[in-house]
Amino acid sequence: MSRFEGSYLGDRSKIGPGTKLECKVCWYVYDPAAGDAVWQIAPGTPFHALPAHWACPHCAGDKEQFMVVEDAHAAVSSEHPAARLEAAFRAIAAGRMHGLPFVNQALEVEAVGFAPWEAHWLGCLVTPWCMNLVLLPRDAAAWRSVPPGDKFAYRFPAGVYEFVAGREESIGEYQVCSLFSPMFEFADHDSARLTAQAALQALFDAANDDTTHAPPAAPAHPLLSKRAFLGGEREPRG
């Protein structure tokens, strides 16, 4: 019986970003959370994102000799994300964001309306400094792992919206579409929550999509501004 828990011989971009792979020659384990000091690979680098010249730092074995031993991403992807999302951003609020002038102290961190959408989790995250639509992985095999800052366009009934990739150690990878930042137009948290709920409802209302009749000179993927998203006005976002 092989000591390996599994194997992966196909497209490595389809495995989760937290997946650990083991060299079948020397049993060295590549852990994305740790990276690789020998090859100066930064922590948080998924296996499929390793450079072409990378090899096992212990035996110089080729990447094709590595096999999956643990897919941490897949283990959590099926769990509802609201609790861990709120815990992570409350820690950010108490740490990196504490005392900053663009933080609205009247607001809290809340994950609003998260539910399955296609192979992902989709909802709206309210924080004292921003409100974002958020996508997180639900099916690890369907999640495309990319560096933070990369952009994706998704089609919803209301049109096409651009999401930007991000990553937090306690959450893993996620993608966000910004709605409000900063948050000073909200006097209290209840009003922010209601706006988040309205944004999710608008996202699935085909009446908000006028791209079908857009003139030829219009952008290929026009996106709703935060005001248009909630009020019906249309303007492109870059």
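Me: How many residues lie between strand 8 and strand 9 in their hairpin?
Reply: In this predicted model, strand 8 and strand 9 form a hairpin with 3 residues between them. The two strands pair in the antiparallel sense over 5 bridges.

Me: Which residue stands opposite Gly172 of strand 9?
Reply: That residue is Glu168, which faces Gly172 in strand 9.

Me: What about strand 7, how does it pair with strand 8?
Reply: Strand 7 and strand 8 pair in the antiparallel sense, over 6 bridges. A hairpin of 2 residues joins strand 7 to strand 8. Within this pairing, Phe152 stands opposite Phe163 in strand 8.

Me: Is strand 8 mostly covered or mostly exposed?
Reply: Strand 8 is mostly covered, with 7 of its 10 residues buried.

Me: Which salt bridge do Lys151 and Glu162 make, and what is the N to O distance?
Reply: Their side chains meet in a salt bridge at 3.9 Å, N to O. Lys151 belongs to strand 7 and Glu162 to strand 8, so the pair links distant parts of the chain, 11 residues apart.

Me: Are those two buried or exposed?
Reply: Lys151 is exposed, with a relative accessible area of 53%. Glu162 counts as partly exposed, at 27% relative accessibility.

Me: How many salt bridges are there by this rule?
Reply: The count comes to 8 salt bridges. One of them joins the side chains of Lys20 and Asp31, at 3.9 Å from N to O. Lys20 lies in strand 1 (residues 19-23), whereas Asp31 lies in the loop between strand 2 (29-30) and strand 3 (66-71), so the pair ties together parts that are 11 residues apart in sequence. Lys20 is partly exposed at 24% relative accessibility, and Asp31 is partly exposed with a relative accessible area of 23%.

Me: Which residues are linked in a network of salt bridges?
Reply: Glu110, Asp190 and Arg193 are linked in such a network. The side chains of Glu110 and Arg193 meet at 3.0 Å, N to O. Glu110 lies in strand 4 and Arg193 in helix 3, so this pair ties together parts that are 83 residues apart in sequence. Arg193 counts as partly exposed, at 24% relative accessibility.

Me: Changing topic: which residues touch the most other members of the largest nonpolar core?
Reply: Of its 28 residues, Cys124, Met131, Leu133, Phe156, Phe163 and Met183 touch the most other members. The elements that give two or more residues to this core are strand 4 (110-117), strand 5 (120-126), strand 6 (131-137), strand 7 (151-156), strand 8 (159-168), strand 9 (172-180) and helix 3 (189-203). Helix 3 provides the largest share, 5 residues.

Me: What is Cys124 in contact with, leaving aside its neighbours within four places in sequence?
Reply: Its contacts include Glu110, Phe114, Met131, Leu133, Leu179, Ala196 and Leu200.

Me: Where is confidence lowest, and where is it highest?
Reply: Confidence is lowest in helix 1 (residues 72-77), at a mean pLDDT of 47, and highest in strand 5, at 97. The mean pLDDT of the protein is 81, and 77% of its residues reach 70 or more.

Me: Over which residues does pLDDT stay under 50?
Reply: One such stretch is residues 72-76, for which the model has 10 contacts beyond four places in sequence. Another is residues 214-224, for which the model has 17 contacts beyond four places in sequence.

Terms used. Residues numbered from 1 in each chain as written. Predicted model: local features only at pLDDT ≥ 70, side-chain atom pairs only at ≥ 80, totals over all residues. Heavy atoms only, no water. Core = buried A, V, L, I, M, F, W, Y, C linked by side-chain atoms within 4.5 Å. Buried < 20%, exposed > 50% of the residue type's maximum accessible area, 1.4 Å probe, protein only. Helix = DSSP H or I, 4+ residues; strand = E, 2+ residues; numbered from the N terminus. Contact = heavy atoms within 4.5 Å. Salt bridge = Lys/Arg side-chain N within 4 Å of Asp/Glu carboxyl O. pLDDT = per-residue confidence, 0-100. Pairing = 2+ DSSP bridges.
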